[in-house]
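Let's take a walk through this structure together. Keep the viewer open as you read, and follow each stop along the way.

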Amino acid sequence: MAQTRQFCTFYLDKLLFGVELTGVQEVMRHLDMTQVPLAPEVVSGLINLRGQIVTAINLRKRLELAALGADAQPMNVVVRSEDGAVALLVDEIGDVVELAEDSFEPPPETLRGAVRGIILGVHKLEKQLLHVLDTEKACYLSTATEPPVN
Amino acid sequence: MSEDNIVKDFLVESYENLDRLDRELVGLEKNPEDRNALAGVFRTIHTIKGTCGFLGFNKLEKVAHVGENLLTLLRDGQLKLNPEITTALLGMVDAVRQMLSEIQSTGQDGNDEYPQLIEKLTHLASAGASAKGSAPYHKAPAKPADGGAIPAAKEPVPAAPPMEKKSEAPMSEKTPRDAKSSKKGKPGEALRKPVHGKMGGILVERGLVDAEKIAMALEQQEQGDRRKIGEILVALGFVKPEDILAAQQILESKPREAVAETIRVGVNLLDKLMTLVGELVLARNQLLQYTSTVENSGLQTISQRMNLIATELQEEVMKTRMQPIGNIWNQFPRTVRDVALGCGKEVEIEMEGKETELDKTIIEAIKDPLTHLVRNAVDHGVELPEERAKIGKPRTGRLILRAFHEGGQVNIEITDDGAGLNAQRLRQKAIERGMFTAEQAGRMSEREIFNLIFLPGFSTAAKVTNVSGRGVGMDVVKTNVEKIGGTVDVQSTLGQGTTVRVKIPLTLAIIPALVITCGGDRYAIPQVSLLELVRLETGEGRAGIELVHGAPVYRLRGRLLPLVFLNRELRLSSNGEPAAQQSDVVNIVVLQADERQFGLVVDEINDTEEIVVKPLRKQLKSIKTFAGASIMGDGKVALILDVMGLAQRASVITEARGRAAGEKAAAAGAAGGEKRSFLLFAGPDQSRMALPLDTLARLEELPASQVEKSGTHWVAQYRGEILPLINLAYALEERRQELRHKKLVEGAAEDAPIQVLVCNHQGSRVGLVVEQILDIVEDTAEVRHPASRAGVLYSAVIQGQVTELIDIPAILQAGGVDSSHPVEHAEVTQ
């Protein structure tokens, strides 16, 4: 029997993504956010998570996907990063799935851009592909992303 | 395990003791006759020596031992304390401290045996002993093996000392009978085992046994009886065992009471408590917000109570973290002594407000800056004794540390009575270094010039000159103080001394802040940087904001206040248009950042609130505009603005500033300094004019009928002299020639009063006739513009309006009163 791993899955722009369950702290419905001016674009804002201030990352933007509709309320997947908890904003939460290592494959060479560093690879599921994210990289904000002063 | 605990306790206790030793030794140096202090020093060293002997730290014990020997001589009056001995003893304290830290990290007292120090101490001790020639019982450095912990083994104290020796036990001092007994055997006893001395004291006090009998028992003990004094007394049949037990209980209860009043608590526990209280405060805020929306009197009552309790709890928990500033000041006498000795100066240190309390984290944060300032004051501030004597100051310089609370902040002042800062030299230095042009530097007030010493890089150059060498590392001091939200300011009078004033907040964890709204989100502004709030209403709003080549400014009491639009700085989405143009109300939050004031334009000003500061995520920390975040009453997160960071950011955007930041600061800083009183009056065509008040003698109202003509001049009889009158309107206008023949005041009725300003000019008086006297105001008249016509010195903004300052000599000349004298501006120019 091949080794299996558990993933917390979610949808972004109809694509299925997953992060390893061990790195997930909790999943929250939509929470009020405070925007952080001057912050890198991918930072959606700050969330009060029971007295703890958590940075929310717009995962769609991070993965260079189209922005979510203005009235849609994204959900939060709160993951533990080396710099404390970070909330990843996702469209919809999926199931927790247990997958064997042998269904995994690294991303194809044709995958380019910022996304390549973040997507570790895919698990081939029956109906679709599960994109596995590198949590740490997804949470990482380059400090130089502040757009120049106009 | 228990051994570890003993060692730990020993370390904590010893560190405290050593700090006290530093203090006591320096104190002793000043007042060598203080027997109590000496006894205290002796006891401290003795305790350390005893304990480390017990714990097996032999090297430490050896060092403490030679120190103790020296102290014994001092205590017995065979040696007098002098700087050399003090230095040696302080050296010993340092060595002990060094070894203690060694013990702390390795569990061993290190490899250094400090032979030189021991040699020195021994030498001093033996020199003292032989000089007196009468220390037969004293075996100076010899016995390292006497166990220490058993003081009885050390018998340096004579049974009948040459001088009256006071017993340490206060109890025995009270009773004269006991004092009598002390002559026989008490002193040695008291020193060896004070507890037993007290036992005797208690028994005597209770009338159970007389002093005679105690003395007998003591003698027996001295002769080698190892039993306790109570046992001896019982054995001799003087007292009943019950009485001894009762006395024992009294003895034991006393120290315990003292111990029970304080307990040691780990700092991390306090930190945790603080965090929890922070959470509680947040929850409280949320609760209050919620209850205000609910109609329920029961809930209201509870939440009110909850509010009170939470507030009190917060205060109390904050108090647990409070420490008197004396804790860090206590080391300063030593610092001052060392530095002063090092540079051949004599400096006395005084402290006021030692008990002023500060949060522990802040205490730690200001320790180094303060030490630096103290060192600096001694090193660079106070002059050499000879120099001081030459200029009639006492040889010994004074350094005064003062701490006090003021408006939720702690002020710490470090004052020396030294040479002071030389503004002229600093000014020159600044010009030489190309920081300012001569003109800019000339315009700067003394205070701004002094504050140059806090600029990085300024220091080292200034060091060359001996008077103004205070800048060494002052920039670091400033940075460190500002890091904890404090400010530093320096005041100085040449030849009389310098005062450095440090203002710091009481605590960092929970701060009062002003909550504002901008672009739909709330932001908190720490109250410490807040100066005032200005609200410009309809119409006035638009008129109030002006542009200096595109940079928005507002005239705040006549001074131009640079404006920063928060939405623009934060690039919030409100069409990039400043709020002023959108609404009829402009809210300006006047802030102070680094001696520089600016107005922050925000959408809405909400309220002041106590907020709990939470740090931002590491990667967001790079945004300098925010100092952290906090959770508001409704549970939403609000960012805390970093006023310094915001100011920096703003000045980057309006390019004109940049390097000239210093100049800007100068312009802003002048507000605090040179205010002058001006007389405002209406000149021709109702134009606003002003004269410095000190150029005027009186303001008079004369009936027009009193005006007479003398030759080509108008005059009036005034207080027994003839006062030449000049109508300002004529003097200012070109056409004055033809006007000579007219009346002094055109169209005025015979009896209508005319307003006359009587000016002192070169010893004589001249009357200036003006339209109307308006007001007397204080202002800096900072924004100046060159004069547009003759007779006017310059235009300035006084009380928010452009006002012309009159050039009296020029007017007099124009009026033909003073043509013989060359024009002198001394009175009017600043």
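**Starting inside a sheet**

B:Ile726 stands opposite B:Leu768 in strand 26 of chain B. Before going further, note that this is a predicted model, in which local features need pLDDT of at least 70, side-chain atom pairs count only at pLDDT 80 or more, and totals for chains, interfaces and linings use all residues. Residues are numbered from 1 along each chain as its sequence is written, while chains are lettered from A and ligands numbered from 1 in the order in which they are written.

Strand 24 (residues 721–727) and strand 26 (residues 764–770) of chain B are parallel partners joined by 3 bridges. Strands here are DSSP runs of E with at least two residues, helices are runs of H or I with at least four, and both are numbered from the N terminus. Two strands pair if DSSP finds at least two bridges between them. The two belong to an open sheet of 6 strands with mixed pairing, ordered 21-25-26-24-23-22 in chain B. Its edges are strand 21 (696–703) and strand 22 (707–710), each pairing on one side only. From one strand to the next, the twist averages 40 degrees.

Now move to another sheet of chain B. This open sheet has 6 strands in the order 10-14-15-13-12-11, again with mixed pairing. Strand 10 (530–536) and strand 11 (545–548) of chain B each have a single partner strand, so one side of each is left without a neighbour in the sheet. Within the sheet, strand 12 (residues 551–556) and strand 13 (residues 559–565) of chain B run antiparallel and are joined by 4 bridges. Look there for B:Tyr554, whose bridge partner in strand 13 is B:Leu561.

Next comes a hairpin. Strand 6 (residues 487–493) and strand 7 (residues 497–505) of chain B pair in the antiparallel sense over 7 bridges, and B:Asp489 has B:Arg501 as its bridge partner in strand 7. There are 3 residues between the strands, and B:Gly495 takes a positive phi near 85 degrees. In a regular strand the side chains alternate between the two faces of the sheet. A residue is buried if 20 or more other C-beta atoms, placed from the backbone, lie within 10 Å of its own.

For helix packing, turn to helix 16 (residues 332–342) and helix 17 (residues 360–381) of chain B, whose axes come within 9 Å and cross at roughly 35 degrees. Axes are lines fitted to C-alpha atoms, for helices over the stretch in contact, with angles from 0 to 180 degrees between N-to-C directions. B:Phe332, B:Thr335, B:Val336, B:Val339 and B:Ala340 of helix 16 meet B:Thr371, B:Val374, B:Arg375, B:Val378 and B:Asp379 of helix 17.

Finally, look at where the chains touch. 22 residues of chain B are in contact with 18 residues of chain A, contact meaning that C-beta atoms, placed from the backbone, lie within 7 Å. Strand 18 (637–641) of chain B is one of the elements that supply at least two residues of this side, and strand 18 gives the most, with 3 residues. Chain A itself comes to 3 helices and 11 strands, and of its 150 residues 35% count as buried.

How values were computed
Contact = placed C-beta atoms within 7 Å. Buried ≥ 20, exposed ≤ 12 C-beta atoms within 10 Å, placed from the backbone.
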